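Please read them alongside the coordinates.

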Amino acid sequence: MIKAGIMGATGYAGAEVLRLCANHPEFEVAVITSDSEAGQHIADIYPAFRGVYDELVLEPHATDNLLSCDVVFMGVPHKAGMLHAPRLIDAGVTCIDLSADFRFGVAADYEAAYHVQHAAPELLPRSAFGQPETNRAALEALAARRAAGEAVIVGCAGCYVTASILAATPALAAGFVNPEATIVIDAISGVTGAGRKANARTHYCSADESLEAYGLPLHRHQPEIALSYGRTLSAAGMPVAGDAALRPAPAHVVFTPHLAPLKRGILATAYLPVAAGVEIDDAALHAAYASAYGKSSLVATLPQGVWPKTGSVAGTARAHVNASYNVDERMIVAMAAIDNLGKGAAGQAVQCANIVFGLAEDAGLGGVACAS
């Protein structure tokens, strides 16, 4: 068994990692942490764990018991993961970070998006962006380094980012999209994406029976999406203008997130202008998506004319995608539905850990939604 720790195990994402590990064939959770609820049994906070994790008691984040783990899932907020990672890495512990702290390969990109100096830039060369369907080679390279004895870090893609990437990447990779045009993304999320601590926006009386946009004009996930799209365009031989010596230039993206009265789920819709001289139809577009995800165990391209919905992936690490071509406007409309705590956070973290530890990528992730 692979000894696992979970930092921030009382948060929604951390608790979801714990739930997934309960049925995982290899990851055995030995240490869970929470500074604010240290000393309590996890089953007293989440009664669903009663009879499964009765003896598991929360410890402070600084506990040395984490240093004896093989892997630690870091479900702590942005800016906290990079403070804890150095001592874990020095102890030989591989880190799977669910925050944004290791998603950017360049410290300046992180600092521009999050307006804080990166506390551990020396660890960025040990990290890889954790979105398996579009960055598998980098994760497999980490797996080889870990197998050789090096502790490594995965900076798991965020929930909005994952849905946006999965929706658009096949069209970008196929060379269908104008690399200089602006891509517009509208994404709708459930309230758990805001975390366990309630605020005025996520309070039941504010969120119920209401739909609102937020994070305008430049949400912090926009740069992450733009950089991922830029990498895909560059790999497809359609780089956007810019200096690619350091990294491919970001694509032009307008991203607007919305909060919906749902517990969990994200539906992202990307509007992709077709490149001049490119002639496609719905059949060719659908074929590109079916080919891109044809070998994926967790991402499914739906039949033509069937559109993703969050209920079909709720409670899972799965994603449903599809796309349509608007001939008159020469615009591809691409969609992805995920569970923001599943494929958007904990499920993808476990998927990344599976790859890094040489396991089947869907180990422990075989569940299907109980909804429609």
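Predicted model: local features only at pLDDT ≥ 70, side-chain atom pairs only at ≥ 80, totals over all residues.

1. Contact here means heavy atoms within 4.5 Å. Axes are lines fitted to C-alpha atoms, for helices over the stretch in contact, and angles run from 0 to 180 degrees between N-to-C directions. Helices (H or I, at least four residues) and strands (E, at least two) are DSSP runs, numbered from the N terminus.

2. Residues are numbered from 1 along each chain as its sequence is written, and side-chain values use heavy atoms, with hydrogens and water left out.

3. S6 is joined to strand S7 (residues 153-156) by four bridges, and Ala128 has Val154 in S7 as its bridge partner.

4. Strand S4 (71-74) is covered on both faces, with Val71 and Phe73 buried on one side and Val72 and Met74 buried on the other (buried is under 20% relative accessible area, exposed over 50%, partly exposed in between, with a 1.4 Å probe and protein chains only). S4 runs parallel to S1, with four bridges between them, and Phe73 stands opposite Ile6. Four bridges also pair S4 with strand S5 (residues 94-97) in the parallel sense; there Val72 is partnered by Cys95.

5. Helix H1 (residues 12-21) has seven of its 10 residues buried, so it is largely enclosed by the rest of the structure. The buried residues are Gly14, Ala15, Glu16, Val17, Leu18, Leu20 and Cys21. They pack against strand S1 (2-7), strand S2 (27-33), helix H2 (42-45), S4 and helix H10 (342-356).

6. Another open sheet has seven strands in the order S9-S10-S8-S11-S14-S13-S12, and its pairing is mixed. Its edge strands, S9 (212-213) and S12 (299-301), each pair on one side only. S12 runs parallel to strand S13 (residues 319-326) over three bridges, and Val299 faces Ala319 in S13. Helix H9 (residues 282-292) lies across S11, S12, S13 and S14, at about 155 degrees to S13.

7. How do H6 and H9 pack? Their axes are 9 Å apart and the angle is about 115 degrees. That makes H6 roughly perpendicular to H9 (under 35 degrees counts as roughly parallel, over 145 as roughly antiparallel, 65 to 115 as roughly perpendicular and the rest as oblique). Leu166, Ala167, Ala168, Pro170 and Ala171 of H6 meet Leu285, Ala288, Tyr289 and Ala292 of H9. These residues divide into nine nonpolar, no polar and no charged (Ala, Val, Leu, Ile, Met, Phe, Trp, Tyr, Cys and Pro count as nonpolar, Asp, Glu, Lys and Arg as charged, and the others, Gly among them, as polar).

8. Helix H6 (residues 159-173) and helix H8 (residues 222-235) have axes that come within 10 Å and cross at roughly 20 degrees; they are therefore roughly parallel to each other. The contact residues divide into eight nonpolar, four polar and one charged.

Conventions: Pairing = 2+ DSSP bridges.
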